[in-house]
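Student: Please walk me through this protein, one piece at a time.

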Amino acid sequence: IKPFSRSIVHQLNCHPFRWRDCLWMHNGDIKDVYALRSHVHATVPRALVEELVRGTSDSELAFALFVHHRRTAPRASLAASMRHTVRALCGLLAAHATPSSMNFVAATPGAVVATRFLNSAHEDPPSLYYYRDARCCMLCSEPTTTQLEDARGAWVLVPKNHLVHIDVRAQRITVHPLPAGGAAHKKRRRRGRRGRRGRRGQ
């Protein structure tokens, strides 16, 4: 069970979740799980929800949105489906004051896509590192070795609100920005403006 989860400890709530040849993992916490559940049941076909959502975690609800995009846009890349899922979640959670951490991983035999994302300009998401040497590419929440222990490669911290794409066959890693956004960021900005206007009037 992921440490951020508020779900009960049960095998159904443990990642990785699976659909066909795709595995899904999540290190984080989507705050408004009730809004997420309602959105999934309103937008994802019932048969797909029944196939994918068997536990009570926010992670598998996010996975249902991801798989729904994969089914409706079968030519989209794994990275495109991940971007769509993050955008959809940001829109859904825009009214929620507490940021949600969305460190997702989607993996197929040919590619791995991961995000390090938090919908707030003022806080950081959980860490995510990648490692590459002549033999392999790896993704981890924390480095499993130090540079002194393994001089063949180095662990690199993924920047906040970025997506990592690993081409498994080519052993190539690319990092791309994701659009930032979120209710906590917006509300704090609005409070700041009101505060500035108040000071001008004094």
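Tutor: Labels come first. Helices and strands here are DSSP runs, numbered from the N terminus. A helix needs at least four residues and a strand at least two. Keep in mind that this is a predicted model.

Student: How many helices and strands does the protein chain have?

Tutor: There are 5 helices and 9 strands. In sequence order the pattern is β-β-α-α-α-α-β-β-β-β-β-β-β-α.

Student: And how much of the protein chain is buried?

Tutor: Of its 202 residues, 45% are buried. The accessible surface is about 10,900 Å². Carbon and sulfur atoms hold 52% of that surface.

Student: What share of the contacts comes from residues 24 or more positions apart?

Tutor: It is 59%, taking the contacts with a separation of 6 or more.

Student: On to the sheet. What is the strand order in the open sheet of 6 strands?

Tutor: The order is β1-β2-β3-β4-β8-β9, and the pairing is antiparallel. β1 (17-19) and β9 (172-177) are the edge strands. Each has a single partner strand, so one side of each has no neighbour in the sheet. On average, neighbouring strands are turned by 15 degrees against each other, direction ignored.

Student: Let's zoom in. How many bridges join β2 and β3?

Tutor: That antiparallel pair has 7 bridges.

Student: How many residues of β4 are buried?

Tutor: 6 of its 6 residues are buried.

Student: Which residues sit on each side of β4?

Tutor: A111, V113 and T115 lie on one side. V112, A114 and R116 lie on the other. Both faces are covered.

Student: Helices now. How long is α4?

Tutor: α4 covers residues 78-92, which is 15 residues. From first C-alpha to last, α4 reaches 21 Å. That is close to the 21 Å expected at 1.5 Å a residue.

Student: Which residues of α4 are buried?

Tutor: They are L78, A79, S81, M82, T85, V86, L89 and C90.

Student: What do those buried residues of α4 pack against?

Tutor: Two helices are on the list, α1 (33-43) and α3 (58-72). The strands are β2 (22-29), β3 (101-107), β4 (111-116) and β8 (162-167).

Student: Which strands does α3 lie across?

Tutor: α3 lies across β1, β2 and β3, at about 135 degrees to β2. α4 packs on the sheet too, touching β2, β3, β4, β8 and β9. The direction of α4 makes about 155 degrees with that of β3.

Student: What does the side chain of D58 reach?

Tutor: It reaches the backbone nitrogen of I30, at 2.8 Å.

Student: What is the phi of N161?

Tutor: It is positive, about 60 degrees, although N161 is not a glycine. N161 is in the loop between β7 (155-157) and β8. N161 is buried, with a relative accessible area of 6%.

Student: And what is the phi of Q171?

Tutor: Also positive, about 55 degrees, and Q171 is not a glycine either.

Student: Where is Q171?

Tutor: Q171 is in the loop between β8 and β9. Q171 is partly exposed, at 31% relative accessible area.

Definitions and conventions: Residues are numbered from 1 along each chain as its sequence is written. This is a predicted model: local features need pLDDT of at least 70, side-chain atom pairs count only at pLDDT 80 or more; totals for chains, interfaces and linings use all residues. Side-chain values use heavy atoms; hydrogens and water are left out. Buried means under 20% relative accessible area, exposed over 50%, partly exposed in between (1.4 Å probe, protein chains only). Contact means heavy atoms within 4.5 Å. Accessible areas come from the Shrake-Rupley method with a 1.4 Å probe; for residues, only the protein chains shown count as cover. The expected span of a helix is 1.5 Å times one less than its number of residues. A polar contact is a pair of N or O atoms within 3.5 Å; within protein, one must be able to donate a hydrogen and the other to accept it, and residues adjacent in sequence count only if both atoms are side-chain atoms. Two strands pair if DSSP finds at least two bridges between them. Axes are lines fitted to C-alpha atoms, for helices over the stretch in contact, and angles run from 0 to 180 degrees between N-to-C directions.
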